[in-house]
Amino acid sequence: MPSITYGYARVSSKGQNLDRQLDALSAFPIDKSNVYADKASGKDFERPAWHRLMGELRPGDVLYVLSIDRLG
């Protein structure tokens, strides 16, 4: 099965804007349907899009994240 490329973006609060991260992810070969984004704190992993993404990722897939701090 071929690998799939995904992207993940997160901002900490509803007042922040995801556009900068999403624009940067668009430079990579990621189908728009495979880009996941959350507006949630990094204090825990109670993030809906993150959980959906984790349900999709398989060994060999590629995940682009602009900065490691967007994961936690």
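**Close-up views of a predicted protein model**

**View 1. Strands β1 and β3.** Strands β1 and β3 run parallel and are joined by 4 bridges. The model shown here and in the views below is a predicted one. Within this pair, Tyr8 stands opposite Val65 of β3. In general, the strands of a sheet pair through backbone hydrogen bonds, in either a parallel or an antiparallel arrangement.

**View 2. Strands β1 and β2.** On another pairing of β1, which spans residues 5-11, 5 bridges link this strand to β2, and the two run parallel. Gly7 stands opposite Val35 of β2. Tyr8 stands opposite Tyr36 in β2; in β3, the residue opposite Tyr8 is Val65.

**View 3. The sheet as a unit.** The 3 strands make up an open sheet with parallel pairing, and their order is β2-β1-β3. At the edges lie β2 (35-39) and β3 (62-65), each of which pairs on one side only. On average, neighbouring strands of the sheet are turned by 20° against each other, direction ignored. Helix α2, residues 48-56, packs on this sheet and touches β1, β2 and β3. The direction of helix α2 makes about 150° with that of β2.

**View 4. The two sets of side chains on β1.** As a general rule, side chains in a regular strand alternate between the two faces of the sheet. Thr5, Gly7, Ala9 and Val11 point one way from β1, whereas Tyr6, Tyr8 and Arg10 point the other way. Are these residues buried or exposed? All of them are buried. Strand β1 is accordingly described as mostly covered, with 7 of its 7 residues buried.

View 5. Strand β2 has a covered face and an uncovered one. Tyr36 and Asp38 belong to the covered face, while Val35, Ala37 and Lys39 belong to the uncovered face. Val35, on the uncovered face, stands opposite Gly7. Tyr36, on the covered face, stands opposite Tyr8.

View 6. Strand β1, helix α1 (residues 19-25) and strand β2 make a β-α-β unit that is right-handed. Asn17 is located in the loop between β1 and α1. Is Asn17 buried or exposed? Asn17 has a relative accessible area of 51% and is exposed, because the limit for an exposed residue is over 50%. Asn17 and Lys39 lie 22 residues apart in sequence, and their C-alpha atoms are 8.6 Å apart in space.

**View 7. Leu53 of helix α2.** Leu53 is part of helix α2. With a relative accessible area of 0%, Leu53 is buried, since burial requires a value under 20%. Which residues are in contact with Leu53, leaving aside its neighbours within four places in sequence? They are Tyr6, Tyr8, Tyr36 and Leu63. Tyr36 is 17 residues from Leu53 along the chain, and 6.7 Å separates the C-alpha atoms of the two.

**View 8. Ala49 of helix α2.** Ala49 also lies in helix α2. Its relative accessibility is 1%, and Ala49 counts as buried. Apart from neighbours within four places in sequence, the contacts of Ala49 are Tyr36, Ala37 and Asp38. Tyr36 is also among the contacts of Leu53. Between Ala49 and Ser12, which are 37 residues apart along the chain, the C-alpha separation is 14 Å.

**View 9. The setting of the close-ups in the protein.** The protein contains 2 helices and 3 strands, and from the N terminus on its elements run β-α-β-α-β. Its radius of gyration is 12 Å, close to the 11 Å given by the globule rule for 72 residues, so the protein is as compact as a globular protein of that length. The C-alpha atoms fill a box of roughly 40 × 25 × 20 Å along the principal axes. Of the 72 residues, 29% are buried. Among contacts with a separation of 6 or more, 66% are between residues 24 or more positions apart. The protein exposes about 4,700 Å², and carbon and sulfur atoms supply 55% of this area.

Key
Residues are numbered from 1 along each chain as its sequence is written. This is a predicted model: local features need pLDDT of at least 70, side-chain atom pairs count only at pLDDT 80 or more; totals for chains, interfaces and linings use all residues. Side-chain values use heavy atoms; hydrogens and water are left out. Two strands pair if DSSP finds at least two bridges between them. Axes are lines fitted to C-alpha atoms, for helices over the stretch in contact, and angles run from 0 to 180 degrees between N-to-C directions. Contact means heavy atoms within 4.5 Å. The radius of gyration is taken over C-alpha atoms; the globule rule is 2.2 Å times the number of residues to the power 0.38. Buried means under 20% relative accessible area, exposed over 50%, partly exposed in between (1.4 Å probe, protein chains only). Accessible areas come from the Shrake-Rupley method with a 1.4 Å probe; for residues, only the protein chains shown count as cover. A crossover is right-handed if, with the strands pointing away from the viewer, the path from the first strand over the helix to the second runs clockwise.
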